[in-house]
Amino acid sequence: MNILVVDDEAVIREGLSRILEGGGYEVETAKSGIVAIPLLQKQEFDLIITDLKMPGMSGFEVLDTVKTLQPGVPVIMITGFATVETAVEAMRRGTVDYLVKPFAPDQILEKVKLALEQRKLPPEDLFLKNELQCHQGFDLFVGQSPEMQKVYRRILQVAPTASTVLVYGESGTGKELAARAIHNNSPRRDRPFVAVDCTALAEALLESELFGHVRGAFTGAVQTKTGLFKVADGGTLFLDEVSNISLSTQAKLLRVLQERKVTPIGGTQPIPFDVHLVAASNRNLKTMVAEGTFREDLFFRLNIIPLELPPLRERKGDIPLLARHYLEKFVGDMGKDIRGISQEAMQFLERYPFPGNVRELVNCIERAVVLTQGELVQQEDLELGDAVASGRDDAEGGDEFGCLVPQNVEDLKEMKRQIRDKSVESVEKAFVINALKKTQGNISRAAEETGMLRPNFQTMLKRLGISVKDYFGKT
């Protein structure tokens, strides 16, 4: 059993660790609720023990976070300031037990044992189990793989809350489906769901769309426009590809999210709003923060509940389900007499890497339904070439990057992005190594002579994995 101890006093954390480890438990510790949140995001615990009074984030706030991120996990509250009121409040809000400092080792071990025995399967797990049995998926998703079940659980955990969600995933993995599933399973399901593609709009137009404008605010503003923050009031606002927002718009977005009020362009009166914000990105925002292209404070504001969607190549067990599901859909839409997919074609699909993810698979099945002449879809009907998931291939249609020939515009966009990233990285490596050679490995001089700030130069070195010590024997 794995237990997380959260307390701002080192002596309490260390004492509890010794007691619990002596009782045969695995123990992680955090000196504050803020430190505990990343642990709760990436690791499953069987029990949480948290102090009530802590600077920055109280034990009650830790309890609320646990209920969102790991519902069903019992929480024991400890405090040195016991009152009847706080004890009643702790139990009312969902703690399984309440302890007053100081406490004896036997006492804490007994409380822990009882708390672990009371742990129950959360209601959402029972609901999810039934959904998977009935529909081979969840909401608009198709798939029963362990990777997707993690996604479904996180959606069910965050849907009843107002916590901001940041969805990560490659192009074609279903980020908007995740946002809609969060909305559909929330108390806001009968209110608006508003999606904004931050890539499709120019900066000035994006601000006008998000925040609105008053009549006469700029040339062409012939009438007042309500911003999408207000249009989505009471519902869910989905910001797709938020990584494409400019730094100036990021600053305005941060202010809006902090104040929960929006002022239309050209207006003077802030307008309050209530939305569940879901943002999505196919780029690593932490890397962008290090590069200085994404605001760190906005990243922390968005990344309260991260949700990562796995690429299709990491959930290959779902490919047969997806293929049959969309085959049935397109056969019905087109009125064709196709009974299924041949064994050879299905095996090929399971080996294929799908750089365009589920979107590419859907397009492939639709194309096959159109082209198939017999009762079964054959491999040649898929028109995916002869290449399989071998990293690099020598079949016709391969290229120097080990990629397959794109089959549609979405594949083309994704492949161009991958090629561009590799090309940029090679140019950046040549740039920094050349600068360091000229200065015999002096980072400060290299940064100065290339017109960069030293911290930015060092960040680039770190991101590229270049050690000055390895190259020049110095730091």
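Visitor: Which residue in S5 is the bridge partner of Ile 78?

Guide: The partner of Ile 78 in S5 is Leu 99. Please keep in mind that this is a predicted model. As a general idea, the strands of a sheet pair through backbone hydrogen bonds, either parallel or antiparallel.

Visitor: How many bridges join strand S4 to S5, and do the strands run parallel or antiparallel?

Guide: Strand S4, residues 75-79, is joined to S5 by four bridges, and the two strands run parallel.

Visitor: In what order do the strands of this open sheet stand?

Guide: The order of the five strands is S2-S1-S3-S4-S5, and the pairing is parallel. Strand S2 (26-30) and strand S5 (97-100) are the edges; each has a single partner strand, so one side of each lacks a neighbour in the sheet. On average, neighbouring strands of this sheet are turned by 20 degrees against each other, with direction ignored.

Visitor: Which strands does helix H1 lie across?

Guide: Helix H1, residues 10-22, lies across strand S1 (2-6), S2, strand S3 (47-51) and S4. Relative to S2, helix H1 runs at about 170 degrees. Helix H5, residues 105-117, also packs on the sheet, where it touches S1, S3, S4 and S5. The direction of H5 makes about 135 degrees with that of S3.

Visitor: Let us turn to pairs of helices. At what angle do helix H14 and helix H16 pack?

Guide: Helix H14 (residues 319-334) and helix H16 (residues 357-371) pack at about 45 degrees, and their axes are 9 Å apart. The two helices are therefore oblique to each other. H14 passes H16 in a right-handed crossing. Among the residues of H14 in the contact are Leu 322, Tyr 326 and Phe 330, while H16 contributes residues including Leu 361, Ile 365 and Glu 366. By class, the contact has 14 nonpolar residues, no polar residue and one charged residue.

Visitor: How far apart are the axes of H14 and helix H15?

Guide: The axes of H14 and helix H15 (residues 343-351) are 10 Å apart, and the packing angle is about 125 degrees. That angle makes H14 oblique to H15. This crossing is right-handed. Ile 319, Pro 320, Ala 323 and Arg 324 of H14 meet Met 346, Leu 349 and Glu 350 of H15. Five of these residues are nonpolar, none is polar and two are charged.

Visitor: Why is H2 called roughly parallel to H3?

Guide: The axes of helix H2 (residues 33-42) and helix H3 (residues 59-69) cross at roughly 10 degrees and come within 11 Å. Angles under 35 degrees count as roughly parallel, and therefore H2 is roughly parallel to H3. The contact is formed by Gly 33, Ile 37, Leu 40 and Gln 41 of H2 with Val 62, Thr 65, Val 66 and Leu 69 of H3.

Visitor: Over which residues does pLDDT stay under 50?

Guide: It stays under 50 over residues 387-403. The chain averages a pLDDT of 83, with 84% of the residues at 70 or above.

Definitions and conventions
Residues numbered from 1 in each chain as written. Predicted model: local features only at pLDDT ≥ 70, side-chain atom pairs only at ≥ 80, totals over all residues. Heavy atoms only, no water. Axes fitted to C-alpha atoms, helices over the stretch in contact; angles between N-to-C directions. Parallel < 35°, antiparallel > 145°, perpendicular 65-115°, else oblique. Left-handed = near helix turned anticlockwise from the far one by under 90°. Contact = heavy atoms within 4.5 Å. Nonpolar A, V, L, I, M, F, W, Y, C, P; charged D, E, K, R; others polar. pLDDT = per-residue confidence, 0-100. Pairing = 2+ DSSP bridges.
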